[in-house]
2 protein chains.
Amino acid sequence: MPTYSAPVKDIKFLLHEYFNLQQYNNLPSFAEATPDLIDAILEEAAKVTENVFQPLNLPGDEQGCRLENGKVITPDGFKEAYNQYVEGGWQGLTGDPEYGGQGMPQTLGLVLNELMVSANWGFAMYPGLTKGATESIHTWGTEEQKQKYLPKMYAAEWSGTMNLTEPHCGTDLGLLRTKAEPNDDGSYKISGTKIFISAGDHDLTENVIHLVLAKIPGGPEGVKGISLFIVPRNKINDDGSIGDNNGVSVGSLEEKMGIHSNATCVMNFDEAEGYLLGQEHKGMRAMFTMMNEARLGVAIQGYAIAEVAQQNAAIYANDRIQGRALTGAKNPDAKADPIIVHPDVRRMLMTNRAFIEGARAMAIWAGIQVDITRQHPDEAAKNKAEELLALITPVLKSYMTDQGVEAASRALQCFGGHGYIREWGMEQFLRDSRIAPIYEGTNGIQAMDLIGRKLPANGGAAIRAYFEMIQTFIDANKDNDAMGTYIPLLEKALGRLQAASMWLMQNGMANPDNAGAAAHYYLNLMALVTMGYFWADMARKAREMLDAGEGDTTFLNNKLTTADFFFHHILPETSALKVKIEAGADSVMGLDAGAF
Amino acid sequence: MPTYSAPVKDIKFLLHEYFNLQQYNNLPSFAEATPDLIDAILEEAAKVTENVFQPLNLPGDEQGCRLENGKVITPDGFKEAYNQYVEGGWQGLTGDPEYGGQGMPQTLGLVLNELMVSANWGFAMYPGLTKGATESIHTWGTEEQKQKYLPKMYAAEWSGTMNLTEPHCGTDLGLLRTKAEPNDDGSYKISGTKIFISAGDHDLTENVIHLVLAKIPGGPEGVKGISLFIVPRNKINDDGSIGDNNGVSVGSLEEKMGIHSNATCVMNFDEAEGYLLGQEHKGMRAMFTMMNEARLGVAIQGYAIAEVAQQNAAIYANDRIQGRALTGAKNPDAKADPIIVHPDVRRMLMTNRAFIEGARAMAIWAGIQVDITRQHPDEAAKNKAEELLALITPVLKSYMTDQGVEAASRALQCFGGHGYIREWGMEQFLRDSRIAPIYEGTNGIQAMDLIGRKLPANGGAAIRAYFEMIQTFIDANKDNDAMGTYIPLLEKALGRLQAASMWLMQNGMANPDNAGAAAHYYLNLMALVTMGYFWADMARKAREMLDAGEGDTTFLNNKLTTADFFFHHILPETSALKVKIEAGADSVMGLDAGAF
């Protein structure tokens, strides 16, 4: 059975030392979140994820969910574990105190999210979807709606979902068919079928609040005629108690590759009573509130699964003896050395480590930007954070989820044949990880979003701010001898990204297929440059602390070695990406569609 | 349900046009294999794999194997399908005619292998293991052993296995504990437990012939004391009929990530009667006969699974409508265009295509080398083929299986959310594919084999022959205008491989960890250069045929476009690999083992 130990030490280094969250205490949420409080929350989160959620991960995968008499039953133990989640008050951690939330920074919510997913991805999705729904209701709901739903949802007594996809449309929501016919009382009759609804139904809460995209008849064609509705599974009586079923039922559960313990439902809405959330025909905008948040959440799933897979691979590699070190026996009294002595095993572990720690820094940085956009008193700071966040969200979602799959696969590989066997749990990590490049917008869609929407937005302001952020760092550290290895390599990689951006501007206009063919490569190039920036900057901080005699010397020296690995064994991939971008679309699009 | 259509056209192009197999008709097997006979065999193989084996693939995965009263039961329909395989005489295709085989080239056996795996990997492994066992018995068996086993095994009436791995040892066979105690009659009593035995038992044949590695007490320590034994599950009476169980039983079946329809057994040998195959204590050598063949077989699994996954992705991409082409609607009468218009979908399909067709050429070339090593009248030609084959086998095994996983994953991605759902079958391809980088020696072991054994062997003769082969091609085509795009890029990639080889020689001696850390990168660099060579050469042939007005113009032009794609979107990866190799082992090995 796999194990999990929350990486509290690394997270504390990032929150307290590297990002120094205290510097943001002009924001209300950070003012509340003193280092001591953060540490206490972290320690509690570690306990519940390690001891309560993680042990249910493998059995939950094996048992899965089942549909009995129209009701979804989650795996054994999930209800009890969920009760502990409710009792711990975890769902309301970052919620608005006006509606019963605890007002902690979103940054801390992201960190909790990592721990939850590492411990039990399928379980974590139930509260995860609720979080997305409360964000939408909080942003777009009327005061009455907020009063009605948020306290119950922050308390995790009701859960939430997002209902977008239909059998014939996922990416292209303009095609959707679910109807919302107005009733006389201002509510709507919602009818249609939605598919792939994660946590669509279950036995963990007394009600499920669906957010549903639908078209009001007579509205504009395509995405401009889509509205968002709140559709509770059970009606809610005036006194707040739960009433009859509201015409919402589960058609079936999907058999999937992984995340078996989360119910992926076909949802049928049969004249269900729905309430407009936000404005008529502005559903896409409201949806994106949920979506952007959700994309960051999915990005985190990528390195969260990598973290737990890596932990187990490291344990196995230290434990399993097989063969001898190339440089002479390390374990001469035994018949063989532990496989961690083999450089190729180390290569896999170091590749994962550099990814995980780099990704965690990037995600926490993004979390801070979320908090700044919501609470910063200075409008300019807010705008800049908004721009950078919009730019980087698709990059993180796509790169981290692709790499999450790769990292889970490398960790599995460390186990040899045992990695392929269910009881070791490594193959579950890989199966679970594979959903993340697909949902919340496929990674291809993320790349198109980056190239087609985020780069040109506001005359390219975001990418200029991004380049400036990195260039400023390079300039400030150029003469820092301790940074000698990193700065020239980062500058080279940045140069490649800048050249590729220029190429895109020039060639994407002439032929949009050039932009489309380059999108995936470009996104990965930007991800690597961004990660290079954070690795260089973390190395700077580690060096500074070492020089000042602060912190844990071993921990900080390990950061420096991992930074070295990133710069010499991962960042070089930028060279190939630039060449691929500049190769253009000719051979990509050269065949007739029928030739495949 | 996924479908499969054997890629007969591409295979015929390779066998007849590109490799022109007829040029080898000084070898007995090729002399028999006239183009007409090859085509007839291909058409029959296509029929049986498409119509009989493929329809059982998804149901076989869902049902899996079960153990009932000590007997393994394969999924419904497998027995009937296997009977058709027996009746078709497929097992003996490449077998020695002296023992009832049909004497066809091994090259043709490899092609059949591809079709079998594409259609139904789990099923294909039953005959696949038998093939490995017959090769070993044919090479190392006494005349009596050959007479006794080969005719029944060529007829597929008995199947075969390889029993290497034990719970505590896989890669490091020196640790193995299975004992072989001599009986007075020259036979041995075999006792021990073996794990991960593919096709270890089943209900398809009347007997299973196990080849088992074991130690004769008192022999040398480690791998030098290992011998190989023939251990039939049921004793064989003097009249050839099947006798009692021979102390061989199935301990349990493993629950795995994929290949569920193949029984992965824990095998218990309890004083089973075994017969020495080859010499005492020379079991490793005999094992490698099976192993090298098997590694090539596994390499083929990599692109075979990619082929079937790609076919289904292409069908879906042409069928599913979603969004609009960037260059204007391609399907203006419908509400959306098929997703194959999107460059990022094309990028995935083209990456797969370039891999599959390049890999197929490499595999068939390797198959031809196998035939040359066995039958060529000229000793020098034989030796050269042997050297090149030994060098390239780990490269093909590792690269093709890693890329097989990636290709299956890309094909799944083309389906969006549906790719994650079982009924579409794409997630099975990915789960099945993931075993190949592990078994028959993990890909890390392949890389070490390449660097540590194959490169230095015989004073580097193999790598010199390899460089010469490619350099000769470059020199011969430098002034060929039609090859203008390819030759300079191939030469650059070759230069990187040569420089990396030089670096390895210089730095791997001083610190073996430098070689170990570089091994995986170096193997991939060599794989890309090799594939570049074959793509350039296939392009040369396609261009020649077009100029001569021969062949199918569309097919040949598609080859050229795919070659373009390979050179501009895949081969550039060589640049990053060279940098990673030359980065050395410092940061790879820099952390204490306990730091993970």
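The side chains of D552(A) and K9(A) in this predicted model meet in a salt bridge, with 2.5 Å from N to O; the term stands for a side-chain nitrogen of Lys or Arg within 4 Å of a carboxyl oxygen of Asp or Glu. Distant parts of the chain are linked by this pair: D552(A) sits in the loop between α16 (512–547) and α17 (553–570) of chain A, K9(A) belongs to helix α1 (residues 8–18) of chain A, and 543 residues separate the two. Helices (H or I, at least four residues) and strands (E, at least two) are DSSP runs, numbered from the N terminus. D552(A) is partly exposed because its relative accessibility is 32%, and K9(A) is partly exposed at 48%. Here, buried means under 20% relative accessible area, exposed over 50%, and partly exposed in between (1.4 Å probe, protein chains only).

Over all chains, the search of the whole structure finds 62 salt bridges. One of them, in chain B, joins K152(B) to E206(B), whose closest N and O atoms are 4.0 Å apart. K152(B) lies in helix α7 (residues 143–154) of chain B, while E206(B) is found in the loop between β5 (188–198) and β6 (207–215) of chain B, 54 residues apart. Both partners are partly exposed: K152(B) has a relative accessibility of 27%, and E206(B) has 40%.

Another pair in chain B has buried partners. E307(B) and R360(B) form a salt bridge with 2.8 Å from N to O, linking helix α8 (residues 283–319) of chain B to helix α9 (residues 343–375) of chain B across 53 residues of sequence. E307(B) counts as buried because its relative accessibility is 10%, and R360(B) is buried at 2%.

In chain A, salt bridges also join into a network, made up of D10(A), E114(A), E307(A), R353(A), E357(A), R360(A) and K559(A). The domain assignment, which is automatic or from a database, divides chain A into domain 1 (286–439) and domain 2 (448–588). The C-alpha centres of these two domains of chain A lie 19 Å apart. Contact, defined by heavy atoms within 4.5 Å, involves 24 residues of domain 1 of chain A and 30 residues of domain 2 of chain A.

How much area is buried between domain 1 of chain A and domain 2 of chain A? The value is about 2,400 Å², with 75% given by carbon and sulfur atoms; buried area is the accessible area (1.4 Å probe) that two parts lose on being put together, summed over both. E387(A), L391(A) and Y399(A) supply 25% of the area that domain 1 of chain A buries against domain 2 of chain A, more than any other three residues.

Across this interface in chain A, the rule finds 1 salt bridge. E357(A) and K559(A) are themselves joined by a salt bridge, at 2.7 Å from N to O. On the side of domain 1 of chain A that touches domain 2 of chain A, the elements giving two or more residues are α9 (283–319), α10 (343–375) and α11 (379–414) of chain A. Of these, α10(A) gives the most, with 12 residues.

Residues are numbered from 1 along each chain as its sequence is written, and chains are lettered from A and ligands numbered from 1 in the order in which they are written. Local features need pLDDT of at least 70, side-chain atom pairs count only at pLDDT 80 or more, and totals for chains, interfaces and linings use all residues, while side-chain values use heavy atoms, leaving out hydrogens and water.
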